[in-house]
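Hello,

Here is the structure I promised to send over. Please open it beside this email, and then read on for what turned up.

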Amino acid sequence: MDFDFLKKRLEGCYVTVPTMFKDSDLGLNLDATRSNVRFLMERGINEENAVILSGGAAGDFSTMTFDERIAVAKAIVEEADGKMPVAMGAQTTNTMELCRLVKSAQDLGADFVQISPPFYFEHTEDDFYEFVQSAAEAAPEIGIIIYNTFWTSGNVSTDLVDRLAKIPNVIGLKWATPRSDSMEFETVCSRFNDRFTIIDNNLLFAISFMMGARAIEMHPCNYWPEFGIKMLEDLREGRYENVQKDMIEKVMPFYKLWTLIESEFTSGDGYLDKLCMELVGLPSSRCRPPTRDIRNHYRIKTVEMMKKSGVPGLKI
């Protein structure tokens with residue numbers, strides 16, 4: 001494994017590709033997922049500005065079987081064809097399954113796997129360290145991204161990040177923390193930016209880039225890739241005022257609507273991405289249950305949000 005190559009390759013927009021299903025029976029629609037990967041590439045997403053994630057939360061990993069997760073990742077890796085790096089979501093509660101997932105990701109040619117602390121039980125930091133270590137030993141040639149999902153499991157502390165830095169193929173941190181006066185988000189960004197590629201998952205893009213983060217979680221790329229590329233360019237050039245203006249005018253409306261849907265209708269991830277994608281003419285679908293179908297209930301509000309944000313190419 002070439003650590004420096006993979007660390008650099010992880011920089012850019014981190015695009016969580018939704019998994020598409022057939023509305024008739026909710027089986028996988030791999031053709032639609034492949035089409036959406038081609039859309040990203042045709043609109044400028046490439047190895048210089050992005051990594052795409054297969055089977056993350058927005059990719060419905062929690063509703064798919066092991067074989068389905070591998071099938072989706074295989075389709076995305078094949079479609080990307082080396083033109084942009086691919087990460088595969090490897091969230092699980094089971095160390096044995098984790099090792100199977102990371103081995104499969106390595107075998108099918110993914111560049112990275114994304115690993116979160118096991119959910120349901122609140123495991124200790126030693127539990128999680130051994131969990132990651134097992135994955136690293138099972139697939140030593142693939143880069144590991146640690147994803148701090150503190151809202152579903154134990155929080156990854158600064159001390160644990162320091163320990164994880166000793167595992168050679170841990171390349172990146174997809175980083176968010178509970179907001180507090182201890183400033184743990186800022187502490188990790190400033191202390192560990194030389195060791196890891198830090199992906200900002202806290203929507204503090206200007207601040208995190210000033211402290212050494214080099215990647216951003218970017219849902220709007222799924223339906224508006226050019227916007228994500230522009231924001232990345234502004235971040236790389238230090239145009240932080242432009243970044244913050246765009247966060248308020250173009251990113252905040254998406255997250256405000258997502259928060260509204262979560263508060264009054266359903267929970268999950270990827271459902272708003274999918275509706276936005278449908279509204280710009282891309283193949284789309286609902287998410288699998290128990291997440292409910294938002295498309296009829298929130299179509300008008302989503303169109304209004306997209307118009308307000310200036311999304312081009314609406315098909316309404």
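Is the crossing of α2 and α3 left-handed or right-handed? It is right-handed. Please keep in mind that this is a predicted model.

**The α2/α3 pair**

Two packed helices are described by the angle between their axes and the distance between the axes. For helix α2 (residues 30-42) and helix α3 (residues 66-80), that angle is about 35°, and the axes lie 9 Å apart. On the α2 side, the contact is made by Leu30, Thr33, Arg34, Val37, Arg38 and Met41. From α3 come Ala71, Val72, Ala75, Ile76, Glu78, Glu79 and Ala80. Sorted by class, the contact has eight nonpolar residues, four charged ones and one polar one.

**Helix α10**

Next, have a look at α10, which covers residues 240-264 and so counts 25 residues. From first C-alpha to last, helix α10 reaches 34 Å, close to the 36 Å expected at 1.5 Å a residue. Where does α10 kink? The kink, of about 45°, lies at Val251, shortly before the proline Pro253. Both Val251 and Pro253 are among the buried residues of α10.

In the loop between α11 and α12 you will come to Pro290. A cis peptide bond joins Pro289 to Pro290, with omega about 15°.

Two aspartates also deserve a click. Asp60, in the loop between β2 (50-54) and α3, has a phi near 60°, which is a positive value in a residue other than glycine. Asp81 sits in the loop between α3 and β3 (86-89), and its phi is near 55°, again positive in a residue other than glycine.

Which of these aspartates is buried, and which is exposed? Asp60 counts as buried because its relative accessibility is 5%, and the cut-off for buried is under 20%. Asp81 is exposed because its relative accessible area is 51%, where exposed means over 50%.

Happy browsing, and do write back with any questions.

Best wishes

How values were computed
Residues are numbered from 1 along each chain as its sequence is written. This is a predicted model: local features need pLDDT of at least 70, side-chain atom pairs count only at pLDDT 80 or more; totals for chains, interfaces and linings use all residues. Side-chain values use heavy atoms; hydrogens and water are left out. Axes are lines fitted to C-alpha atoms, for helices over the stretch in contact, and angles run from 0 to 180 degrees between N-to-C directions. Helices (H or I, at least four residues) and strands (E, at least two) are DSSP runs, numbered from the N terminus. A crossing is left-handed if the near helix is turned anticlockwise from the far one by less than a right angle, and right-handed if clockwise. Contact means heavy atoms within 4.5 Å. Ala, Val, Leu, Ile, Met, Phe, Trp, Tyr, Cys and Pro count as nonpolar, Asp, Glu, Lys and Arg as charged, and the others, Gly among them, as polar. The expected span of a helix is 1.5 Å times one less than its number of residues. The bend at a residue is the angle between axes fitted to the seven residues ending there and the seven starting there. Buried means under 20% relative accessible area, exposed over 50%, partly exposed in between (1.4 Å probe, protein chains only).
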